[in-house]
Amino acid sequence: MKTLILFLFTFTAVSIFAQITGDYRSGQSSVTWSTAANWETYNGSTWVTASSKPGSTSTVYIQRGHTVTLTANESVNDLHLNRDNSSTILALGTNTLNLYGKIRAYIGTVGTIPGTSSNDPNSANAWITSTTGKISIVGNTRTLTVAGEWGNGNAGVSSPNGFDLEINLNAGQTATMNTFFKCRTFNVVAGTLYVATDSRMGPDLGSRPGSNFVVQSGATFISAATGSTTSSVVGLGDLNLGDTLWIKTGATMILTGATPTVSMNHVILDGTVIYPNSANQNMADRTNGGDAPSAYTNLILRGSGVKKFTNTNNSVSGTFSFQDSATFSLNGNNLTYGGSSTLEYASTNLAQTITNSEFPNTGGPTNLTINNTFGTVTLNANKTNFAGNLTITAGTFDLSTFTINRSSAGGTLTVSNGATLKIGSTNTLPSNYSTHSFGTTSTVEFGGTAQSVPSLNSSQKYGNLIISGS
């Protein structure tokens, strides 16, 4: 029985990269992708001249000393590149190679298929070449690179050498990288790019200008990288800066590492940045003297533990949202809000308390939203300089013994259907709101002492009104 088990395990391990019927390999030293006769296919027992070119379901091996040239846009499933080539192995030109499977580097002489996996693909200038060409990751969820099968790769060069990488997956799909990856530029167009722990994305044109990493609207970039210089989330090299990290409006960057760093000359966070670690987590810091990733548009804290600023001056111009059980520390740094900013409390699993770290009495957010579907959000102090809208979408906003009156007339006080505003001490309804918008199933509770119950603006009526104090 032990012998049989060993045999089955050995068979499985070897067959992961065993040649199978229908596989392609470059059949001569100079191959035009679209020319079938330049390729060989495996028929189950031997390699024969191909009758058609490789396509989106094909597994392709480009062999040592061979150069494959695209003359039009092409497609492939799994792409295996022999890392021993000392000159061009894949020439994209102005064309796109759509990749539906994985990418792998291997070692082996001509005819050695599948060869031995390599984590050190050739980084010579002419290993993969293109002018405006690119490799586009398309299709559905899968692992794109596996540890031990890819590494630094081909970069550090400008056109006509090197290549650009595009992530353009089907909606809702994820490509996972388990290795360091370098190319001229990264462009996450659609779907999610997930990068595992300590795997840096290195945009590298050979110099700083143009070595960019961009996430487009609707797309997501997730990194588990943590550490300092060598394990930056995005960066050209261990000691060098890339050019621009740009999270565009509508895009999302999720950083799960405990101490993520960014090594880029410019950082533009127009979209949403999320910190979801289940333990204490530093928000992204800069390294190698790069730009500080601290000017947030939308910032979300999830998970648990304490999330800490690492840069001196931080700002939020959109929404700063507290979710799950995560708490927040300025860590001795500063936070300023933009004129259209909103502070949101939106936990689904516990009650929350507002603190002076995120909501100081001066320089606080423009608007406040309570959207806690679990229960109660409690005010911690009088907010005397509040100047925006107060919106209670879900849960209970307990003012305790404090007030959140507007500093001047204007704005809207909203209590949505099913939500509750609870007022204590001798306080009355928050004042100076020009408009009241109360749902028919909303609740306002006066739970203090000697309180006045005012009429509402805009011909509004209370939904449910509770008098519970003395």
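The largest pocket comes out at a volume of about 160 Å³, with volume taken as the space filled by probe spheres set on grid points joined across faces, edges and corners. Of its 13 lining residues, Phe322, Ala326, Thr327, Gln352 and Thr353 sit closest to the centre. Here a pocket is an open set of points on a 1 Å grid over the protein atoms alone, where a 1.4 Å probe fits and protein lies on both sides within 12 Å along at least five of seven lines; a lining residue has an atom within 4 Å of a point. The model is predicted, so to speak of local features takes pLDDT of at least 70 and side-chain atom pairs 80 or more, while totals for chains, interfaces and linings use all residues. Numbering starts from 1 along each chain as its sequence is written, and side-chain values use heavy atoms, with hydrogens and water left out.

By class, the pocket lining has 6 nonpolar, 5 polar and 2 charged residues (nonpolar: Ala, Val, Leu, Ile, Met, Phe, Trp, Tyr, Cys and Pro; charged: Asp, Glu, Lys and Arg; polar: the others, Gly among them).

Parallel strands S9 (residues 90–91) and S13 are joined by 2 bridges, and Ala91 has Thr129 as its bridge partner in S13.

Strand S19 (residues 186–190) runs parallel to S16 (residues 164–168), with 4 bridges between them, and Glu166 stands opposite Asn187. S19 also pairs in the parallel sense with S22 (residues 213–215) over 3 bridges, where Phe186 faces Phe213.

Methods:
Pairing = 2+ DSSP bridges.
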